[in-house]
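Let's take a walk through this structure together. Have the sequence and the 3D view ready.

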Amino acid sequence: MKIFKVVVIFVLFSISGLNLWAQENNYWNHQYGAKSSLLCGAAVASYFDNGAIYYNPATLCFKDSGNVALSANLYNAEMLNRKNALGEGLDLKATNFNFSPQIVSGNKKVGKRAEVEFILLSRSDVQFNQNLSFNKIYNDTLLFYSNSSLYVSSYNYRKRVLDEWAGLSMSFNLSKHVGIGIASFVSYRYSRYYMGVNASSVGIYSFSQPVSKSDSSLSLNSTTINLINKIGWVYHGEKSNFGMTLTIPSLHLWGKSQLEYSVYVSDPNNNIPSRDVYLKRRDLRTYHKNPLSLSAGYSRKYLQSRFHISMEYFTHLEPYLAVALSETPPESNAGDVELNSSHIRSFEDARKGVLNMAIAWERYLRGETELLFGFATDFNSRNKYWNGISDVDFALNQEEFNIYHFSAGVGFQHKKNTIAVGLVVSAGGGNTQSIADFQNPTALSKFIGFNYNSMYSKYSSYGIVVGLTY
């Protein structure tokens, strides 16, 4: 009955809550379990809460009894400012305030040496929207009119990613101090991207002149189902713990995408060739890969404190076909349309290897109360290999900066329940390639300007984490 109640609460939270648009290219941007989150994920060597199934399932066999747990980001505020994203002084800003559940889980002892646990986990929950409209009067040196021209442009970007994991694990005591564990997760990942860039120019003193125009848009909806397996080992001593976890590369089970793509370029002055491309495809083969990773952790008790350190190395992913477009023309009755679609190519993705580290400190106070502090690096894994379709650079995952996480909180006992509450603060930023340059449009750049390494992204978030285990 307790498990049923917690599952119902989790579902209601998922329906009513708003969504994160945090950076999905950072592997450690989310932590799981309230106490584990408030220790910034330094949880490979010790059991803190039921998030252990994700960090190291082997640690579960050293907990005392079965329980049910629920943890959530009770309140979360995220801010992203992309300075000079569309040209000098043309910034893109977004702010999001939300509530988001992390995990719901339960575990039970099986005999004296084994532990079984299930978990529902929000691995990634991203919602991100940015828009900007711009207009300016230019002379003929830029847009090739004999008189001044009115230039109008706009940018629209929407991104939605939801990655939900359901997992089951078993852990075993091999001896008084050594345990092993295995965990299997089924991942359901849904992503929806839209990016549109539009620009036009017309002479303001002679409206009989044709309009120079450039419109491009891409809409991509994808769904994948993967299987992810973890194997953990832990040594649980009187004062020191040591643990390791191997996460095996994801196994593809199923994936489909729907794509709609269009490019229209019209230059009455014939400085560049005109283009008119429209492509719509359904049921495209789709893949999303999770890399091999190896994590290790160490925990040491000293007087009234305990110190924790964890590291995880994520291997690189070679370029792979993420969305495959058929090379053959669509059938006439397939509902797909293709006009002048030369130079269309499939999407590919790649990841670089990264090493993240977390350190944490617990300070025991009177009774069952303790203070929790943590710090973690979160290096970006995006490889610039990302290859869009045609000769338009659709950078659907533009986040290229590192993030650093800081946490502070308190844990205490209330009757038979364990409660943890605290604050997690994250910050990051860095230079990357701009999206366009509306301040310097030319016909050769399809009237949207060229991309330069002039955009600076600044990211910050503040979250209140609350967890209950009973």
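Which side chain does a polar contact of 3.3 Å join to that of Gln130? The partner is Arg82; a polar contact is a pair of N or O atoms within 3.5 Å, where within protein one must be able to donate a hydrogen and the other to accept it, and residues adjacent in sequence count only if both atoms are side-chain atoms. Before going on, note that this is a predicted model, where local features need pLDDT of at least 70, side-chain atom pairs count only at pLDDT 80 or more, and totals for chains, interfaces and linings use all residues. Residues are numbered from 1 along each chain as its sequence is written, and side-chain values use heavy atoms, with hydrogens and water left out.

Back to Gln130: its relative accessible area is 1%, so this residue is buried (under 20%; exposed is over 50% and partly exposed in between, with a 1.4 Å probe and protein chains only). Leaving aside neighbours within four places in sequence, Gln130 is in contact (heavy atoms within 4.5 Å) with residues including Leu92 and Tyr155.

Now hop over to Lys289, which is partly exposed at 40% relative accessibility. Not counting residues up to four places away in sequence, Lys289 touches Ser250, Leu317 and Tyr320.

Finally, look at some strands (DSSP runs of E, at least two residues, numbered from the N terminus). Strand 16 (residues 370-378) pairs antiparallel with strand 17 (residues 403-414) over nine bridges; to pair, two strands need at least two bridges found by DSSP. Strand 17 also runs antiparallel to strand 18 (residues 417-432), joined by twelve bridges.

Conventions: Helix = DSSP H or I, 4+ residues; strand = E, 2+ residues; numbered from the N terminus.
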